[in-house]
Amino acid sequence: MHIRLRKWRESDAPVVLRAFQAPDLRRQASWPVVTLQDAVGWISSWPGAGHAFAVTAEGRVVGNVAVSGIDDQGNGWVSYWVVPEARGRGIAVAATRLLARWAFDERGLLRLELRHRTDNPASCRVATKAGFRPQGVEHGRLGDEGVPYAVERHARLATD
């Protein structure tokens with residue numbers, strides 16, 4: 001399967017809207033994405049906030065990878081998602097590897113980090129297979145509807 005990253009386009013909004021209807025992705029957006037206008041807003045919110053890329057497989061948009069929270073020390077935060085119907089095929093791993101290479105080579109970052117909830121073993125497998133090493137568990141780190149969860153932090157260096 002041929003995976004590519006490209007800039008998000010406003011015409012991709014239906015894919016974003018459909019993706020955020022998945023129960024496990026609803027909480028991944030900074031605000032509820034429940035209308036096409038919300039999806040367009042999600043796409044247009046990235047410039048200035050970070051670098052987000054549409055992930056394509058065989059020419060179809062199937063996910064997102066992004067690096068945000070870039071600081072003056074060359075660190076950035078990675079996030080990723082894949083639409084439910086495209087999961088389990090290594091798309092998130094391939095896209096996260098491509099994003100890391102871009103962030104190190106093109107953006108000049110030195111360290112990338114990501115977090116996933118410990119009850120999300122699929123995200124842990126993506127992080128590990130994409131070369132992100134476990135850094136430890138943070139208990140009570142994220143709150144979803146007021147409920148704290150444990151999260152595992154992973155990191156990858158430009159020298160890895």
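# Exercises on strands, rings and pockets

Strand S2 (residues 50–57) is joined by eight bridges to strand S3 (residues 60–68), and the two run antiparallel. The model is predicted.

**Exercise 1.** Classify the ring pairs Trp8–Trp81 and Trp42–Trp46.

*Solution.* 
- Step 1: pick the quantities. A pair of aromatic rings is described by the distance of the centres and the angle of the planes.
- Step 2: take the structure's aromatic pairs, of which there are seven. In one of them, Trp8 and Trp81 have ring centres 6.1 Å apart and planes at 35°. Planes under 30 degrees apart would be stacked and over 60 edge-to-face, so this pair is tilted.
- Step 3: Trp8 lies in the loop between strand S1 (3–7) and helix H1 (13–19), and Trp81 in strand S4 (residues 75–82). The pair therefore ties together parts that are 73 residues apart in sequence.
- Step 4: Trp8 has 11% relative accessibility, so Trp8 is buried. Trp81 has 7%, so Trp81 is buried.
- Step 5: take the next pair. The rings of Trp42 and Trp46 have centres 5.9 Å apart and planes at 80°, so they are edge-to-face. Both residues are buried.
- Step 6: join them up. Trp8, Phe20, Trp42, Trp46 and Trp81 form one aromatic cluster.

**Exercise 2.** Describe the largest pocket and the second largest pocket.

*Solution.* 
- Step 1: the largest pocket has a volume of about 1,400 Å³. Its lining has 41 residues, and among the closest to its centre are Tyr80 and Trp81.
- Step 2: S4 gives the most to this lining, with six residues. By class, the lining has 20 nonpolar, twelve polar and nine charged residues.
- Step 3: the second largest pocket has a volume of about 180 Å³. Its lining includes Trp8, Trp46 and His51.
- Step 4: S2 gives the most here, with four residues. The classes are seven nonpolar, three polar and one charged.

Notes:
Residues numbered from 1 in each chain as written. Predicted model: local features only at pLDDT ≥ 70, side-chain atom pairs only at ≥ 80, totals over all residues. Heavy atoms only, no water. Phe/Tyr/Trp six-rings, centres within 6.5 Å; stacked < 30°, edge-to-face > 60°. Buried < 20%, exposed > 50% of the residue type's maximum accessible area, 1.4 Å probe, protein only. Pairing = 2+ DSSP bridges. 1 Å grid on protein atoms, 1.4 Å probe; cavity = no way out; pocket = protein on both sides within 12 Å on 5 of 7 lines; lining within 4 Å. Points joined across faces, edges and corners; volume = space filled by probe spheres on them. Nonpolar A, V, L, I, M, F, W, Y, C, P; charged D, E, K, R; others polar.
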